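Reader: Could you walk me through reading this model, one feature at a time?

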4 protein chains.
Amino acid sequence: MIIMKSDATKEQIDHVIREIEKYGLRADVSQGDYRTVIGLIGDERGVPFDHFAVLPGVKEARMVETPYKLITREYARMAGDQSERRIIKVGDVRIGGDEPVFIAGPCAVESKAQLMTIAEGVKKAGAHILRGGIFKPRTSVHSFQGLGAAGEDEAEEALTWMREAGDRYEMPVVTEIRGESQVDLVAKYVDIIQIGARNMYDQDLLIAVARKKKPILYKRHFGAGIEEFLSFAEYMVAEDNKDIILCERGILPLGKGKSYTRYTLDLAAVPVIQKETYLPVIIDPSHAAGRRDLIFNLSCAGIAVGACGLIVEVHHNPEEALVDSAQQITPAECKELITACRQIHKAIGGRKNGG
Amino acid sequence: MIIMKSDATKEQIDHVIREIEKYGLRADVSQGDYRTVIGLIGDERGVPFDHFAVLPGVKEARMVETPYKLITREYARMAGDQSERRIIKVGDVRIGGDEPVFIAGPCAVESKAQLMTIAEGVKKAGAHILRGGIFKPRTSVHSFQGLGAAGEDEAEEALTWMREAGDRYEMPVVTEIRGESQVDLVAKYVDIIQIGARNMYDQDLLIAVARKKKPILYKRHFGAGIEEFLSFAEYMVAEDNKDIILCERGILPLGKGKSYTRYTLDLAAVPVIQKETYLPVIIDPSHAAGRRDLIFNLSCAGIAVGACGLIVEVHHNPEEALVDSAQQITPAECKELITACRQIHKAIGGRKNGG
Amino acid sequence: MIIMKSDATKEQIDHVIREIEKYGLRADVSQGDYRTVIGLIGDERGVPFDHFAVLPGVKEARMVETPYKLITREYARMAGDQSERRIIKVGDVRIGGDEPVFIAGPCAVESKAQLMTIAEGVKKAGAHILRGGIFKPRTSVHSFQGLGAAGEDEAEEALTWMREAGDRYEMPVVTEIRGESQVDLVAKYVDIIQIGARNMYDQDLLIAVARKKKPILYKRHFGAGIEEFLSFAEYMVAEDNKDIILCERGILPLGKGKSYTRYTLDLAAVPVIQKETYLPVIIDPSHAAGRRDLIFNLSCAGIAVGACGLIVEVHHNPEEALVDSAQQITPAECKELITACRQIHKAIGGRKNGG
Amino acid sequence: MIIMKSDATKEQIDHVIREIEKYGLRADVSQGDYRTVIGLIGDERGVPFDHFAVLPGVKEARMVETPYKLITREYARMAGDQSERRIIKVGDVRIGGDEPVFIAGPCAVESKAQLMTIAEGVKKAGAHILRGGIFKPRTSVHSFQGLGAAGEDEAEEALTWMREAGDRYEMPVVTEIRGESQVDLVAKYVDIIQIGARNMYDQDLLIAVARKKKPILYKRHFGAGIEEFLSFAEYMVAEDNKDIILCERGILPLGKGKSYTRYTLDLAAVPVIQKETYLPVIIDPSHAAGRRDLIFNLSCAGIAVGACGLIVEVHHNPEEALVDSAQQITPAECKELITACRQIHKAIGGRKNGG
C-alpha cells in the first residue's frame, strides 16, 4: 500500500502507478478528499517497498499481509472516505442506506404468468427488488435446472420476462448466473447480477462478472470462513467494481443426528463483516432454513443483528413451486415479515456493525 | 407410551406402572384433564406392547423410537396440556411467559464487593436474575478456576455472597456446578442450578442435579446437534424435573482461517426447539461472541428470533475482570440492550416457535 | 431407469431412447454382456414409468430417487458389468488396477528448467504421472496465480513444457483448469484434466471439461459431503465420460483453537466411495496436511485405507517454491514414500472398499 | 517454568517449590539426568518470574503461555528426557513401545459367559488387552445403559467377571467410568481406567481418576480440537499421572447430506499429537465408523499413520449384541486385521510422529 502526500501531483501518482506495473502488479487508486492511497493488486512479496517510499510525492509505502485489503473500512478511511457504509444505488433503491431493503420473488421463474403474479404480490407486500432464478445451480443433474437449461433462446425469453416484470412493477431485478458463458446475456437484461454460493470460489467467473460494472449480489459458500469470503470478494473489487452486496445464506450445520434446518444461519457474520468492510450485508433466510415456518423468525433476527436487507423466496402457491417448494412463503406472509422488520430496524437504532 | 382411557381408575394406572417396572423400566406419569399418559423410561425394545394394550383402562400402547419424547409438545398435548410453553417460576420471575427474562452478572465472582456492585448495576439496568460463576470450567489447568477452586469453605463463602446479593437486590440467583461433589452445596444457596456446555454430556451429573428439584439452566455443548441436546435434557425430565431452561451459547465455527467470533450462535435453534418441546430457550450472546462489541447486535437477534430471554455477562469494569474480560459489558450497556430487546419483543408479536 | 430384456433389439432400444427424449430428458445407455440398462438424465418426476414398462423389449422401468445413480456399482452391475472397479487407462498407466498409482510434481510450474528437474526426479523416485500447476486457484488476489495468469501465450508455453516433460520422461501429465475459457487450450496438451476443489461445484465447467472425453482428476471440495461430491461427479458421467478419478484432499477441520493441519483428511471416504461407485479414488496428502512432515504418514495411511493412488507435491528445493513451499517434499522423500506404500498395498491384500 | 542449574541442591529445589506455593500454584517437578525443571500448575499471570530468576540454584524462569505444557516433548526434553515416547507398562504389555498394541473385546459386557467367550476369542486373535463396557454412556435415556445401571452390586459383579477374564486369559483389562461416584469401585478391579469421549471435558472427573495413579485411556471428544484435547489431558498430568493413553475415535462429520460413517476419523491427529507430546496415541475405528465393513481398512490406516495401537469392538455374534451391533467384528476378523497391521507397522519403519 502506497499512501501519497496530500499535495502529491497527478504526475507523481502516475509515476508510482507505472512503477507498480513494472513489478507485474496492478494499481488500485483511491482518490480521497485529502490524499490518495494506491493499493497493489497481486503478489506483493517481491516488491521493494523501500524503493517506493522515497519516490516523489510518496508519504508511506508498506506491505499489507492480509488476503484482502481493498474492501476494508481501514483502506477507505486512509483515502479519506469516512462514511461507514457504501451505499449501492440501483434505480431508486439504495442498499446500505438508512432503510432495510427487501428483495423478493420466486426461487425459479416457471412461466411469464407465474412471474407477473408474484411480482405484483411482492410489490404490494413492500418489496423493493424482484428476484427470480433462470439458471438454477442444482446438486443433482437429475433435478430441474431452470428454464435457462432449455437453451439460449429460452434463457433469453425468460430474461425478457424479468425485465418486463421489473419495469411494470417498478422494481430493479436480480438473477443468478452460473457460468462464464452466461455473463453477457444476463448483464443485458438485469440490474443486479447474482453469484450464488456454489460459485463463490470461481475466481474466473467473479472477474468476468465484475467487469460488467453492474452491482453484484454475492453469496457466501456454506463452507467458507468469513476471511475466505472477503478474500474472494476482493477479486471483484480489484476489478474496480465496489458495488458488491454480500449475502449470508447459511453455513454447514453440525454433522451429527437429524438436521432441523438445511444450513446454520451465521448471523454474527453480519456485524463482523460490516465492521471489517464498507460493503452492505444482507440475509437469505429461505435457503438457510429450507422450511417455511422459520422464515419470519430468521428474517426478524437478520434485521435485528444489523443486516442491510433480506432476500426472500416468495411464491403465490408455494406447494406447487417446481424448486424449493418447502421454503417459499406467500406474498401475505412476506408483507407481515416486512412490517415486523421495519419496527425492529427502528428498535436497534442503526447499529449495524457492533459499533 | 401407554395412553389410558379417559375413565381409567387409579388402580388401573397403578397396575400399568407396576407392569412397566417388571420390565426394568420406570414410568413417567402425566395426568391431564382428560386422560393420563404414561411414558416409559428406559430401553423399550424388550417391552411387549401387545400385552399392555389389553390391560384394563388402557386405550393405546406403542413404542416411541425417538431418543427423546418426554420433553416434546406432542407428548404434553397427549396428556391434555395444550399450553404452548412451560412457564418456569422462580420467585416472582416467570421464564417462558409473556415477557423476555434477562439474566445478568459477572462471569466470575471475584469478591463480595465486586458482586454487590455489579448486582446493583444489573438490577438498575432491568435484569431479573443474577448470575455469577464460582466453579469455573476452564480449558486450561493453568487458568483461574474460580473462587470455588480454593476449597470448600471458600466456595461456600462465595455462595453466601450470591445469596445475599440476590436477597438484597430482589433477584433469584444462578450459578454453575461442574461436578457431582458440588451439587449439595450449590443447591443449598441458589435458586437455579446451571449445567454448563462442557458438562452437557455428563449424564450422571444431570441426574444428580435434576433430583434436587430446582430449576436448571442447561447449556448446549458447542459440538452437540439439537437432537443430541434434547436427548440429554430428557435425562433430567426423566427424573421428573421439568423445570429446564435450555440455553444456546454457540456451536463450533467453520474451521478455516481467522475466527472473528469464539463460536457460531445458532439462532435458528431457538424456534426449532421451541416448536419441538415445551421448554423455554434463552440465548447467551457473551460466550458465543467472545467480544463485547457484538453483544448488543446478538442480543437483539436472540429476542427477534423468539428466545424467552438472555443471559449476559456484565462487569462494572470489564477491563479488569479476571475471566473473559473481552466479552463483558457494563451495566449501562446492559440497560441499553434490555430497552432495545423489549421493543423487538413487541415487534415480533410473540412468535417464538415459527408457528 | 429402464432395464431392457436380454433379447431386446437395437430398434427397441432406440425406440426407448426416443421416448425418453420426448420428455425432455437424455438417455445414458449401458450395454452389458447380458442386457442393456438405460439411465434417464434429468428430472424424472414427470416421466410416466408405467408407459415405459410396457414398451417392446422393456423388462422393468422405475424411478431412482438418489441424486446420483449413473456412477454407482449397482447401476453398472445391472448392465452386466461385474468388475469391482473401472480401470482408467492413460498411456501405459492403469488407474484403478492392481497397483497403486503415484502422481507427483511441483505445485506450480515456475520455469522450464524447474519442471524438467522435478520431472526427472519424480520419474526416478517411481512416479507414474507428472503433475504441475499453471492456472493456480488462490484464496487471495494478492497471491501468485501461476504462469497462466500472465496471458494466453505464457499459459500455452508452460503447457508445452508439461507436454515435453511428459514425453521426455515417459509419464502422462495432468494440470488443473480453473475456468471455462481454459478448457480448449488445456485439453490440447495434457493427458488428464484436473478440476480442483474450489471448482467442484461449478457444474457448467464440469460439463465443458467432460465433453473433451479425456480422463478427469476431480477433487472433493473441503465443505462437500460425500453425497454431494458424488452428485456433482454425476454431471460428468452424464456427459458419457466415465473416466473420472476422484480425489480426497481434506475437509474442513474442527473450528476451534489452533489448526495443526490445513484440512482434515477424510480417509474413510476412500472405501466408502469405492463401495458405492466403480470409480477409483486417490488421496492428496499435500494439501490436506499443508506441512511436509506429515506427508509420509498420511500417504501410508491413504494406501492402507484402500486408495488407488496418491497425488503428491514434489519440489527439488521446497524452501524456494513460489507456492505451498511448506508442504512440498523432495524427490528422495518421494521415493521413500513410494517404497513404503508398495509394501503396505501388499499387506492389505487388495481390500479397497471395505468388502 | 523454572529451569534449575545442573548443580542445584535439593534444598534449593524445595525452596523454589515453597515459593511457588506461596502464589497459590502447585509445582510439577521433573528430575532429569542433567537438571531439574519445575513446571507451575495454575494461573501464572500473577507470578513475578523476575523474582524467581534470582533465587539460588535457578538457571532460568519464564512464563509459558500455552494452555498445556507438562505433556509436551519440549518440556520433557528440558528435564533431560530425550526419549521420543513414554512407554506405559501394564502387566507385560508396553504401550508406546516397539510393537503396536491391540485392545479388543465387547462393546458392552452382557453376561459372564459372553465375556469369557469373547475374551478367549480375542486372545487367540492376538489381542493384548481386554476391553468391556459396564457403565455405558448413551445419548438416550431410553437405551440400554450397561449392567452397571442396574445397581452397585450388579456393577461390582460385572467388574469381577472382567478381572477373572483378564486373569484367565492373561490380558490386562480396561473399562470405562462415567461419573465420579464410580471411580473407587472401578479402580479396584481394572488395570486401565477409560474416560470416554463424552466425559472428555469433565475436569473434576479427570482429576479424581488421575489420583488413582493407574493408567488412563482417554478419548477425544468428537467436537474437541487437538489443542483442547491436550489441554484437558494436562489436568491429569498435573496430578502427577503421566500414564495417559490418548485415543482418537472420530470427530464430527461434515453436516450436510447422508452420513456414510458415524464420525470422521482424524488420522492426522496421531502424528501431530505424537510430535507435540510424549504420550502414545491409539485409534478406535469401531466408534468412528459405526459400521463393520470399514473396520479393516480404518485399522490398517491407523497403524500406517503411526498409531501405537488400536481399540476394537469384537463380539462372537455381532448381530445379537445389545449395544452397537452394527460395528462389532468377529474374533476371526480381528485376527485378520492384526496380521495385516503388523505387516504395515514394519513397512512404516517406526515413523510415528512425522519425523
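Author: Helices (H or I, at least four residues) and strands (E, at least two) are DSSP runs, numbered from the N terminus. This is a predicted model, where local features need pLDDT of at least 70, side-chain atom pairs count only at pLDDT 80 or more, and totals for chains, interfaces and linings use all residues. Residues are numbered from 1 along each chain as its sequence is written, while chains are lettered from A and ligands numbered from 1 in the order in which they are written.

Reader: Which residue stands opposite Ile3(B)?

Author: In general, strands of a sheet pair through backbone hydrogen bonds, either parallel or antiparallel. Here, Ile3(B) faces Val37(B) in β3(B). Two bridges connect β1 (residues 2-4) of chain B with β3 (residues 36-41) of chain B, and these strands run antiparallel.

Reader: In what order do the four strands of the chain B sheet come?

Author: The open sheet in chain B reads β2-β3-β1-β4, with antiparallel pairing. At the edges sit β2 (26-31) and β4 (58-61) of chain B, each pairing on one side only. From one strand to the next, the twist averages 20°. For angles, axes are lines fitted to C-alpha atoms, for helices over the stretch in contact, and angles run from 0 to 180 degrees between N-to-C directions.

Reader: What does helix α1 of chain B touch?

Author: Contact means that the C-beta atoms of two residues, placed from the backbone, lie within 7 Å. Helix α1 (residues 10-22) of chain B packs on the sheet and touches β1, β2, β3 and β4 of chain B. Its direction makes about 155° with that of β2(B).

Reader: How can chain C be laid on chain A?

Author: Two copies of a chain are related by a rotation about an axis and a shift along it. Copies are superposed by least squares on the C-alpha atoms of residues with pLDDT of at least 70 in both. For chain C on chain A, that takes a turn of 180° and a shift of 0.1 Å along the axis, with an RMSD of 0.1 Å. The two copies are thus related as by a two-fold rotation axis. Among the residues of chain C, Gly223(C) comes closest to the rotation axis, at 2.3 Å (C-alpha).

Reader: Why do the copies meet through the same surface?

Author: Because 100% of the interface residues of chain C are also interface residues in chain A.

Conventions
Two strands pair if DSSP finds at least two bridges between them.
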